[in-house]
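Please find below a note on the structure, arranged as numbered points.

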Amino acid sequence: MFQIPHLLVLFVTALLTAGVYKGARLLPYSTVVRILKSCAVLMLFFDPIYWLWELRHFGVLNPATTLPLYLCSLFWLLLPPAMFARHDTFRQMACAAVCTLGLMCGVFGLVFNVYLNQYPFLSFVPVRSLLYHIMMILVPTAMWSSGYYRPQQQDRLLCFVPVTILVSICLLLNRIYGWDYCYTAGGIGTPLVHLSSHMPNILFLLILYGGLLLAIQLIFYRQFSRFSLFLTRIIQRIKQ
């Protein structure tokens, strides 16, 4: 992690993100939507490809680490409904989660990619992981800049509904099997263990997910805060 190849990936991703942001604003809207739908289909193959790799190398799938129950898994699980769902509320919820939580997890997963400490840089696992997290950044960037995702006030909570459902499932599995999906066992093997090791697990989870929800509000939905709405009303009255 943070060796020259990793730093180069971060630099190239920053350039790609800037290019996607500009390109999504310049291309026809219908073209951007077609590209996003293609990406939604493409992302469905990332986990099955890993399952095949694991079966080939170990002869068995490890349910403690292989199930799509990570926060980052929400990206490929929710991108198809974000692009294809007909129910407006469901589609809006999926878009909100992909464009906020998905984008943030993409950045963190790309920067703090633990697989780079476990495998050679150009081996299957880190390459797949890096590509996946790059897509987690580029796709939401295109959704924001093209206007495909238009934030609404109810998205402040809607974006966290999938997280709540996923973490609830992971807490149950942690209770039964001790698995660490969604960091429910303290984020073993990740930088988060330095925090979780100094407090009760329930307090760690409250701080982690409470902080995540707060960060989403501050970064993506500040325009819907009471203070921002108050200022908007004042400005509108002054203009009248």
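1. Setting aside neighbours within four places in sequence, Gly 178 is in contact with Leu 173 and Ala 185, where contact means heavy atoms within 4.5 Å. Gly 178 belongs to the loop between helix 9 (161-177) and helix 10 (193-196). Helices (H or I, at least four residues) are DSSP runs, numbered from the N terminus. With a relative accessible area of 44%, Gly 178 is partly exposed; buried means under 20% relative accessible area, exposed over 50%, and partly exposed in between (1.4 Å probe, protein chains only). Between the C-alpha atoms of Gly 178 and Arg 128, which stand 50 residues apart along the chain, the separation is 27 Å.

2. On the basis of the note: this is a predicted model, in which local features need pLDDT of at least 70 and side-chain atom pairs count only at pLDDT 80 or more, while totals for chains, interfaces and linings use all residues. Residues are numbered from 1 along each chain as its sequence is written, and side-chain values use heavy atoms, with hydrogens and water left out.

3. The expected span is 1.5 Å times one less than the number of residues. Which residues of helix 2 are buried? They are Val 32, Val 33, Leu 36, Cys 39, Ala 40 and Met 43. Seen down the axis of helix 2, these residues fall within an arc of 120°, so they line one face of the helix; the arc is that of the directions from the helix axis to the C-beta atoms. Their cover includes helix 1 (4-26), helix 3 (46-58), helix 5 (73-84) and helix 7 (124-146).

4. For helix 3, the 13 residues should span 18 Å at 1.5 Å a residue, in agreement with the 18 Å between its end C-alpha atoms. Phe 46, Asp 47, Tyr 50, Trp 53 and Glu 54 are buried in helix 3. They cover an arc of only 115° around the axis, which puts them on the same side of helix 3. On the other side of helix 3, Leu 52 and Arg 56 are exposed. Among the elements that cover the buried residues of helix 3 are helix 2, helix 4 (63-66), helix 5 and helix 7. Just after helix 3, Gly 59 has a positive phi of about 75°.

5. Side chains of opposite charge can pair when their charged atoms come close. The structure holds two salt bridges, each defined as a side-chain nitrogen of Lys or Arg within 4 Å of a carboxyl oxygen of Asp or Glu. In one of them, the side chains of Arg 128 and Asp 47 meet at 2.8 Å, N to O. Arg 128 lies in helix 7 and Asp 47 in helix 3, so the pair ties together parts that are 81 residues apart in sequence. Are Arg 128 and Asp 47 buried or exposed? Both are buried.

6. Arg 91 and Asp 88 also form a salt bridge through their side chains (2.9 Å, N to O). These two residues are three residues apart in helix 6 (residues 88-111), and so are separated by about one helical turn. Arg 91 counts as partly exposed at 25% relative accessibility, whereas Asp 88 counts as exposed at 52%.
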